[in-house]
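Subject: Structure handover and notes

Dear colleague,

I am passing on the structure we discussed, with some notes to read beside it. Please have the model open as you go through them.

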Amino acid sequence: MWTVGAIGFTAPALLWALVALPALWLLLRAVPPAPIRRRFPGVALLLGLTDDETQTDKTPWWLLLLRMLAVAALIVGFAGPVLNPEDRQPGTGPLLVFIDGTWADARDWPRRIDRVEALLEEAGRDGRPVAVVMATDLPEAGLPFQAAEAWASRLAGLKPQPWLPDPQALGDWARGLDGGFDTFWMSGGLDYEGRDDVLAAFSAAGTVRVFESPRPVLALRPAAFEDGAIRLTALRARAGEASEVTLAATGRDPAGIERVLARVPATFEPGETSLETDLVLPPELRNRISRFSVEGVRSAGAVTLTDDSLKRREVALIAGRDNREGLQLLSPLFYLQKALEPTADLLDGTLSDIILASPDVIVLADVATLSAAEAAELQDWVEKGGLLVRFAGPRLAASDVSRDAEDPLMPVRLRAGGRTVGGAMSWGEPKELRPFAETSPFFGLDLPPDVRVNAQVMAQPDPQLAERSIAALTDGTPLVTRKKLGEGQVVLFHVTANAEWSTLPLSGLFVQMLERLAVSTRPARPEAAELQGTTWVAETVLDAFGEVGDAGTLPGVPGEKLADARPAPDLPPGLYAGEDRRLALNVIGPDTRIAATAWPARIPVEGLAVARETLLKGWLLTAALALLAADILASLWLSGRLRGQRSGAAAVLVLALMLPIDAHAQDTDDALALKATSEVVLAHVVTGDARIDDVARAGLVGLSEKLFQRTSIEPAAPIAVNLETDELSFFPFLYWPVTASQPQPSPEAYARLNRYLRTGGMILFDTRDADVARFGGGSPEGRRLQQLARPLDVPPLEPVPADHVLTRTFYLLQDFPGRHASRDIWVEAAPPDAERAEGMPFRDLNDGVTPVVIGGNDWAAAWAVDAQGAAMFPVGRGYAGERQREIAYRFGINLIMHVLTGNYKSDQVHVPALLDRLGQ
Amino acid sequence: MSDPATLRARAEGLAEALPPLLADAEHLAQAVILGEHGRRRAGLGDEFWQYRPAHAGDEARMIDWRRSARSDAHFVREKEWQAAQSVLIWVDDSASMGFSGDKTHPTKAERARVLALAVAVLLTRGGERVGLSGTGLPPRRGPLQLLRMAEVLSGAQGTADYGAPDARGMAPHSRAVFLSDFLGDLAPVEKALTEAADRDIKGALVQVLDPAEEAFPYDGRTIFESMGGSLRHETLKAGDLRGRYLARLAERKARLADLARATGWHYSTHHTGEGAQGALLWLYRALERVR
């Protein structure tokens, strides 16, 4: 290969052809373009005319240049130019392929393996012994040198590991190396402890080459919950250009299928190695999240599992008595709310509603009696794993709950009345708390000295009392008792939840006790001391590619090791379950920093280099072709063959070839939208039958005129609506004449129609057959209507009741004739519980507008007027017929009024009452 | 006697060409509705012109007794003068007329023939006598003459590059129409017109040109040849010649117009790119004007 600067040539001998270019120049210059012969009678007038310039018989210089460039590009192209050619010298001696094999490698692992495979092939050709070693999976000792082919077959079995190499083991292994070998280091681009030792050992043994992918190493720190939002922190190893990442939250949807629940885009600012973004989700969704990940990055570092620390428990607070205004500090729930608000989501409502919402915890503050149904529901909920926390209080003390027999929802039987100590009317001092026993969940909590108990309810001394008591006063009387009920438990605080009976709710101990009871959420991560002596079992594990897998039968892990939070071969990252909570062990901890590798200048790094070997042959040949094509056009133009119509065609062809196809159909809906929304517009559905459509249009014109004359509605000219193409949401009202031959709308059109109906639109279906058929009586139009309306979201219907709001929105009507005078008009059914109030003329019917009105009276024909404003069709006979037409118009006006004003006229029923209340 | 097969082939060939040409011409002539266009003066004819009081010298048989009986004076019934005029048409049949600059246009020759025949149809309808000059087809009247003209006009194209009008056989005081592109030498035209003027022959010159001849839309290195191939001109930049060519063409038109004015003829240019209707109307009115 012969190189000039950064360009090398594979066949440099061909470049000698460039010498011939000047000769070609002269040759081409001497030959003018060939003349065209034309028969032309006017030649008689041309005789004797001479050309002004004589130069044009030679090819113009720019055309020559064009051709020269084309030929030069051809010659250079075939000479095989290569940008940034790489010179490789075959190596000798043993070769060590050292792969980091961490999670950082996982992102482009197949590419790395391909590279190693190519390397092994090369080494096989050179007959070099090879050893392939992964830093995360070191051999026992030394280097397992083997034939390259032997390694090639084992490459597929290599997998990256979701942890970093153990620096201790790595150092030992590197120190044990001896002998001379060259090293090819497949680096993941991530700096780790012990790497320098290894590099020193390799450099001492021979030359080191490094392959490092230019793709950035991305990592995600565990999500933290702060101020109602999830704080996500993404890291990158190498600060550089601004880059966009999308962070995804994955979890199970209500159907139990794992899917991405939320996405949040974020940007690494230029020069920054970390970014923070907040994700606000409703608690239901947030509690479902099982992991966060950087989208599109297959690496364990870019995945962070969530554990209980992210989950916020839903706590329902129910007090036994209504709050009295102004006594907030005495509210039984005040201290509970203060204690729980920062760490839990509080629910409010009636007990039956709350049980439906299935909270984690229900707190009953001084609630004595529950109805039988409520009690049954509550017990059911507790047995399914709910935590019921009850607080005592005057009501509970005064009631007979759990007096003679133990109530299932009380942990112990209570003695009547309770007791008061240290008050004005009692002996003794207020009692303090006794230190918690070892079996108590509160064990280890410090007792503040100022907690005093003045009053409490007393437990009956039953045989189970001792084991159910988890906190007691200094005199041994139980303060907190607990019992298991099914999978859940019932806890009773024998004092009130406010400061009436004790100072416990005022102390920090109260919050800690609630935490221990798992009423509120615990701080993010347990201390090492807490984990002392516990055993954790992996539930799910994360592999290096960031895939979550089943843990299988991994042995239990001692808590001390987990507190270390450093993934290792015997402690794979994943979700670990302990006694009462689960802990996530992630590759990246909350304080982990990642750094990019820094290689000494003497070591060549592949992959990261900006200059890469690029073959230029294709580009040059393409350029030559383009030049030749331009030359053809230029020659044609020059010789006058590119004129007239043909030049237009040629120009179009050239443009078509050169321009990317960019013919996106512009939405032409804007005109319709403007027309339909600048004024009130009635619309009818295009049926495809031109006559019916004309009548429908004329009918709406007639109705619009009448509306204009008689009411404050001033509609513009009606619009014909094509269900398949037009947007419906602009129209308050659609008139749909049903024909037997109408095609079924497409599913998209039905989706649009349903959206239209749900969002308050109205369709008047007119089968126009009331003269021959009763409603639904089997006329072709009626059957067609049934087919058309089947996919529509139509509510239950009923014939128009006499007190329907349609009968009085503008005119008082009882009949709704069109050209036919059938009484079968169907509208949305009134709710079954609509009752006529005493003294009211009408029932208080449903809110809103009926989405459909169905009939067959051929209203459009009765309304229709021609261009002169005269009625198009006769209605009935004589005066009675004209009266019928008038009533038809009145129906139309009532209908449009109903569409536009809703149940306004229905509400008019209340006017007397309103006036009365206003003192009129 | 010729071989029947040959005869039939010739007859069919003739029949092939005749009807379309005649049909075209009839079609074109149909658009012109002839009004009553007598001489507007009393004379020999069939149509009633006016009653005039009889004066001395009128023969007694000339008196219209029916009219005279209604008054005291005698009246003579005059008829409109309807003298047949003879019109001789010359259609250039040279090779240059076979040119068409675009496939969508007819050749100049086609257009000239259709125009000639159409005006002949109109004149025949008006009762005039029509003939073709230079072909031994003297002016006659009647539909048969039209058929004969159509046959002659459908005949083979001439071989000469440019044609020259033939003023021989023109009766004095008659009318003439010359249809040509007048791109050749103008001297014969001038001679023919002078001769015609000497014999008090009035008429019309119609210069039939192709749009390409008017626009000269050529560029680049070109060799121009006349249709017969006798003339030849090579240029390296045809586009540069356009201005000078157009100037020469305008000069030629002006000369033709001058010539026509001097001899009392009418001159017009017709382009094959346009419809023939306008040219026919102009031609018909030009012939009418001189009457």
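Predicted model: local features only at pLDDT ≥ 70, side-chain atom pairs only at ≥ 80, totals over all residues.

Residues are numbered from 1 along each chain as its sequence is written, while chains are lettered from A and ligands numbered from 1 in the order in which they are written.

Chain A has 26 helices and 39 strands, where helices (H or I, at least four residues) and strands (E, at least two) are DSSP runs numbered from the N terminus. Taking contacts in chain A between residues at least 6 apart in sequence, 75% join residues at least 24 apart; two residues are in contact if their C-beta atoms, placed from the backbone, lie within 7 Å.

An open sheet of 5 strands in chain A has the order E6-E5-E7-E8-E31, with parallel pairing, and two strands pair if DSSP finds at least two bridges between them. Strands E6 (130-134) and E31 (605-606) of chain A stand at the edges with a single partner strand each, so one side of each has no neighbour in the sheet. Within it, strand E5 (residues 95-99) of chain A runs parallel to strand E7 (residues 182-187) of chain A, joined by 5 bridges, and Ile99(A) has Met186(A) in E7(A) as its bridge partner.

A hairpin is formed by E23(A) and E24(A), with 5 residues between them, and Gly476(A) in the turn has a positive phi of about 95°. Its strands, E23 (residues 469-472) and E24 (residues 478-485) of chain A, run antiparallel and are joined by 3 bridges, with Ala471(A) opposite Val480(A) in E24(A).

Turning to helix packing, the axes of helix H20 (residues 690-710) and helix H24 (residues 878-901) of chain A come within 10 Å and cross at roughly 75°; axes are lines fitted to C-alpha atoms, for helices over the stretch in contact, and angles run from 0 to 180 degrees between N-to-C directions. H20(A) is therefore roughly perpendicular to H24(A), given that 65 to 115 degrees counts as roughly perpendicular, under 35 as roughly parallel, over 145 as roughly antiparallel and the rest as oblique. On the H20(A) side, Leu703(A), Lys706(A), Leu707(A) and Arg710(A) meet Tyr889(A), Gly892(A), Ile893(A) and Ile896(A) of H24(A).

The axes of helix H6 (residues 167-175) and helix H7 (residues 195-205) of chain A come within 9 Å and cross at roughly 10°, so H6(A) and H7(A) are roughly parallel to each other.

As for the interface, 26 residues of chain A are in contact with 31 residues of chain B. Strand E3 (36-39) and helix H2 (43-46) of chain A each supply at least two residues of the side of chain A that touches chain B. E3(A) pairs with strand E8 (residues 222-225) of chain B in the parallel sense over 4 bridges, and Ile36(A) stands opposite Thr222(B) in E8(B).
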